[in-house]
Amino acid sequence: MKSGKRIGIMGGTFNPIHNGHLLLAAKAQEQVLLERILFMPSGNSYMKKNVLETQKRVEMVALAIERYPDFELSLIEAQKSGNTYTYETLACLKAANPDTQYYFIIGADILFQIEQWRNPGQIFQMAVLVCAVRDDYDFDAIRKKGNILAASGADIIYLNMPKLDISSTDIRAKVKSGLTISELVPPEVAHYIEQEHLYYEED
Ligand code: NAP
């Protein structure tokens, strides 16, 4: 086990945050023994189009995590101007807290994308990847990809978790169609979406 503080980073566009994100963070905390999890809404997600304004995504994250004492809102990326790059965020955190071991929590899909991100090698040096393997995933394919990344320096912990069939895309579509999202997001988030009239006119 690595020495120093053990802090998880749950980064996301969170457009909007949902129960799948919360379950992923909770499973990571429990299985990897993390002291705290930083929920870090992205600022300008340059790989995604038509993303809701940052302040509203941040407010939904704050509402979603308020009942979890070990979950904390981090505004590092939300307050940054320009594009958000994970390697820059980690460099900033490591410079401020050199003895902390960071654990970057991801869904398995990201294992297949991370090599296209800016400076993946630096990400691998600065954080352990905690990768969710949902029940329905092809674990052999994930392991194979993980081994390729490990050869480039990635340290990967695989996390068992049940499949929760929830995505932000589906939530936005449901809101637009007037369907309920009460099973998919915390009640405070559902209320905020309704009150702010978010996603009703999504393309
Ligand atoms: P997102 O869509 O909000 O998702 C956040 C995380 O939650 C992802 O790892 C996603 O994994 C997982 N997730 C979503 N639904 C889930 C469910 N039902 N059950 C369990 N897990 C679920 O955020 P994102 O846009 O992918 O961004 C994730 C992080 O990557 C952010 O910190 C972002 O800044 C970073 N990023 C960095 C770069 C770069 O440095 N160049 C580029 C892109 C993203 P799945 O994708 O497997 O669903």
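Colleague: How many residues does α1 have, and what does it span from first C-alpha to last?
Modeller: α1 has 14 residues and reaches 20 Å between those two atoms, close to the 20 Å expected at 1.5 Å a residue. The expected span is 1.5 Å times one less than the number of residues in the helix. Helices (H or I, at least four residues) and strands (E, at least two) are DSSP runs, numbered from the N terminus.

Colleague: What kind of model is this, and what are the ground rules?
Modeller: It is a predicted model, where local features need pLDDT of at least 70, side-chain atom pairs count only at pLDDT 80 or more, and totals for chains, interfaces and linings use all residues. Residues are numbered from 1 along each chain as its sequence is written, and side-chain values use heavy atoms, with hydrogens and water left out.

Colleague: Back to α1. Which of its residues are buried?
Modeller: G20, H21, L22, L24, A25, A28, Q29 and V32. Buried means under 20% relative accessible area, exposed over 50%, and partly exposed in between (1.4 Å probe, protein chains only).

Colleague: And what follows the helix?
Modeller: L33, with a positive phi near 60°.

Colleague: Which residues touch the most other members in the largest nonpolar core?
Modeller: I17, F39 and M60, out of 36 residues in that core. A nonpolar core is a set of buried Ala, Val, Leu, Ile, Met, Phe, Trp, Tyr and Cys residues joined through side-chain atoms within 4.5 Å. Elements giving two or more residues to this core include α1 (19-32), β2 (36-41) and α2 (54-65). The largest share, 5 residues, comes from α1.

Colleague: What is F39 in contact with, leaving aside neighbours within four places in sequence?
Modeller: Among them are M10, F14, I17, H21, L22 and A25, and also V61, I65 and F71. Contact means heavy atoms within 4.5 Å. There is also a second, separate core of 27 residues, which includes I9, Y87, C131 and L149.

Colleague: How many disulfides?
Modeller: The structure holds 0; the criterion is a pair of cysteine sulfur atoms within 2.5 Å. As for accessibility, C131 is buried at 0% relative accessible area, while C92 is partly exposed at 44%.

Colleague: Changing topic: where is N15, and is it buried or exposed?
Modeller: N15 is in the loop between β1 (6-12) and α1. It counts as buried because its relative accessible area is 6%. Its side chain makes a polar contact of 2.7 Å with that of Y199. A polar contact is a pair of N or O atoms within 3.5 Å; within protein, one must be able to donate a hydrogen and the other to accept it, and residues adjacent in sequence count only if both atoms are side-chain atoms.

Colleague: What is the peptide bond from N15 to P16?
Modeller: Cis, with omega near 0°. Most peptide bonds are trans.

Colleague: And Y199, what is its phi?
Modeller: Positive, near 70°. Y199 lies in the segment after α8 and is buried, at 6% relative accessible area.

Colleague: Last one: how many residues surround the ligand, and which are the closest?
Modeller: 29, the closest being T13, K48, G107, R134 and I166; a residue counts if one of its heavy atoms lies within 4 Å. A backbone N or O atom of L164 is 2.9 Å from a ligand nitrogen atom. A side-chain N or O atom of H18 is 3.4 Å from a nitrogen atom of the ligand.
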